[in-house]
Amino acid sequence: MPSFAELRERAAKARDTGLTKLHDTRDKYSSRSSKDASWNPDSRHTIPAPSTPPADPPHTSSAAPTRPRPPPPPRHGSLMASSDSHPDHHDHEDSHPPTLPSRSHYDQAQPNPPAYTQASESTLTPKVDWANMTVEDKETLFSWLDEFFESRFNITIPKRNSNSTAQVNSRPMPPVTAPAVNMSSRPTFSSTNSSTLDLASYFLPTTHWESAWYTSGELAPPLKDEASPNWTASWSSRGSNKTIHAGVLFSDLSMCWYSVSFSTISRSDPNDTRAVVRSARYLPRPSPQDRTTLVSASETYGETIAAFAESFVGSGQYCAQGECWDLANEALKQFDQYDYVPKPVPSIQRTHGHLIFEGKAENSGAVQFGRWRGGDDRIRRGDIVEWRNVRVKMGSHAYATLGTPDHTAIITGEAVPRVAVTDGLAIKPSEVGTLEVVEQSVGSPPKKERYDLSQLQEGEVWIYRPIAMEVYIGATLAAQCPDHVSAISV
């Protein structure tokens with residue numbers, strides 16, 4: 001890695017070498033190779049057109065056909081209006097970067113992405129390994145910056161003390177695996193509290209802390225009993241003062257950010273708020289969305305998710321490790337490759353986005369109850385269903401058991417309830433209709449199946465709509481709360 005002193009020396013030489021490089025470049029594109037001794041500088045020859053390459057021989061392979069590649073998400077509000085959603089267009093997207101069209105509802109709250117530019121390797125500037133900078137390089141960098149600001153603003157900057165240099169370290173989110181079953185991982189019918197409120201309350205000045213847990217690099221003690229929330233953390237230091245930051249996303253989609261500042265050279269009482277400064281901000285569980293927002297979410301994510309699941313059917317291949325949950329988790333991760341698509345809510349525990357319906361059956365189906373959430377009027381292609389300890393009748397003498405105790409599947413067809421629905425409406429599973437799904441489990445490759453909820457005998461069901469994090473939750477997961485987020489402080 002070049003030091004900043006070396007980079008500075010290179011910059012000083014750049015002015016003197018500019019004309020030489022321009023001259024060399026002109027010669028490169030206007031001259032023959034020096035090895036051609038018979039070259040006449042007064043002659044010019046037309047470069048012949050390249051010959052047509054021979055056609056590739058037909059492919060004759062006896063291997064099993066690979067699974068089809070799912071289409072990319074649309075760039076417009078409607079899938080039918082967008083030619084970019086066709087698989088054939090996706091196969092050639094590497095030849096030329098597409099022009100970004102006008103954005104849909106999801107993009108109105110976000111800045112447009114920067115224009116795509118492509119630079120050759122010879123024009124790229126030297127890369128600096130910021131994570132492994134030496135103390136000497138840091139001092140050179142800051143002295144360089146001091147000189148710039150002194151000359152730019154005609155000011156005098158005092159000499160720096162090397163101990164005042166800020167250091168930042170971050171820990172990425174841990175790898176996501178199929179979660180262990182937790183009975184509180186989904187919204188319940190009667191719960192109104194947010195999971196994040198208990199964590200935020202822990203950082204109130206009046207809350208007694210039993211230990212200086214923050215010095216060990218661990219997450220806050222309330223998170224030890226939480227079933228694997230999504231989180232990210234970082235720390236920074238200036239002199240002997242250190243600050244830790246963490247952001248946590250819970251399965252009910254509430255979010256909390258907290259920080260603790262303390263001295264690294266003195267052992268202070270963790271409850272001394274003058275020596276140990278604690279703070280927290282949070283967003284409660286998001287509210288149900290209207291029909292326009294939910295339909296737009298389906299148009300953005302639904303087709304890609306459904307096609308991703310269908311691409312495994314008949315291929316003999318499992319998705320990821322073959323767990324049922326992998327199918328939903330991997331489908332949502334497909335959008336990481338599309339820079340024009342807002343990041344969707346990830347699979348966290350058994351939650352996969354905006355709750356559309358929750359229902360339950362008991363006593364061989366004699367007792368059913370449920371509730372509709374949000375303003376959409378139907379279940380759509382690309383929604384995700386979660387089952388728990390479900391038994392559903394499949395014909396006159398057969399039953400299917402879904403979930404021991406949990407099972408995940410991706411819905412591939414619409415289901416319109418038999419009654420008109422609105423947010424909060426009490427509706428039985430039998431009134432929701434038939435779900436067409438793609439599902440897998442260990443020992444059973446991905447396959448299509450149909451489940452008529454009017455034949456639901458026992459168990460619980462939740463149906464989720466994939467949706468953008470910033471649209472639904474109000475923020476993406478980060479170690480520190482973004483300035484534009486109107487989070488609640490404690």
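Visitor: What percentage of the 490 residues in the chain is buried?
Guide: A residue counts as buried when its relative accessible area is under 20%. In this predicted model, buried residues make up 39% of the chain's 490 residues. The chain exposes about 28200 Å², and carbon and sulfur atoms supply 51% of that area.

Visitor: How many helices and strands does the chain have?
Guide: The chain has seven helices and 13 strands. As for contacts with a separation of 6 or more, 71% of them are between residues 24 or more positions apart.

Visitor: What does Ile 379 touch, leaving out residues up to four places away in sequence?
Guide: With that exclusion, Ile 379 touches Ile 356, Trp 372, Ile 411, Gly 413, Glu 414, Ala 415, Val 432, Leu 435, Ile 463 and Arg 465.

Visitor: Where is Gln 457, and is Gln 457 buried or exposed?
Guide: Gln 457 is in strand β12, which covers residues 456-465. Its relative accessibility is 10%, so Gln 457 counts as buried, the cut-off being under 20%.

Visitor: Which backbone oxygen does the side chain of Gln 457 reach?
Guide: That of Gln 455, at 3.1 Å. Leaving out residues up to four places away in sequence, Gln 457 also touches Ala 361, Glu 362, Asn 363, Ser 364, Gly 365, Arg 391, Val 392, Lys 393 and Tyr 399.

Visitor: How many disulfides does the structure hold?
Guide: A disulfide is a covalent bond between the sulfur atoms of two cysteines. The structure holds zero disulfides. Cys 256 is in none, and the nearest cysteine sulfur, that of Cys 481, is 9.6 Å away, whereas a disulfide calls for sulfur atoms within 2.5 Å.

Visitor: Why do Cys 256 and Cys 324 count as buried?
Guide: Cys 256 counts as buried because its relative accessibility is 0%. Cys 324 counts as buried because its relative accessibility is 9%.

Notes: Residues are numbered from 1 along each chain as its sequence is written. This is a predicted model: local features need pLDDT of at least 70, side-chain atom pairs count only at pLDDT 80 or more; totals for chains, interfaces and linings use all residues. Side-chain values use heavy atoms; hydrogens and water are left out. Helices (H or I, at least four residues) and strands (E, at least two) are DSSP runs, numbered from the N terminus. Buried means under 20% relative accessible area, exposed over 50%, partly exposed in between (1.4 Å probe, protein chains only). Contact means heavy atoms within 4.5 Å. Accessible areas come from the Shrake-Rupley method with a 1.4 Å probe; for residues, only the protein chains shown count as cover. A polar contact is a pair of N or O atoms within 3.5 Å; within protein, one must be able to donate a hydrogen and the other to accept it, and residues adjacent in sequence count only if both atoms are side-chain atoms.
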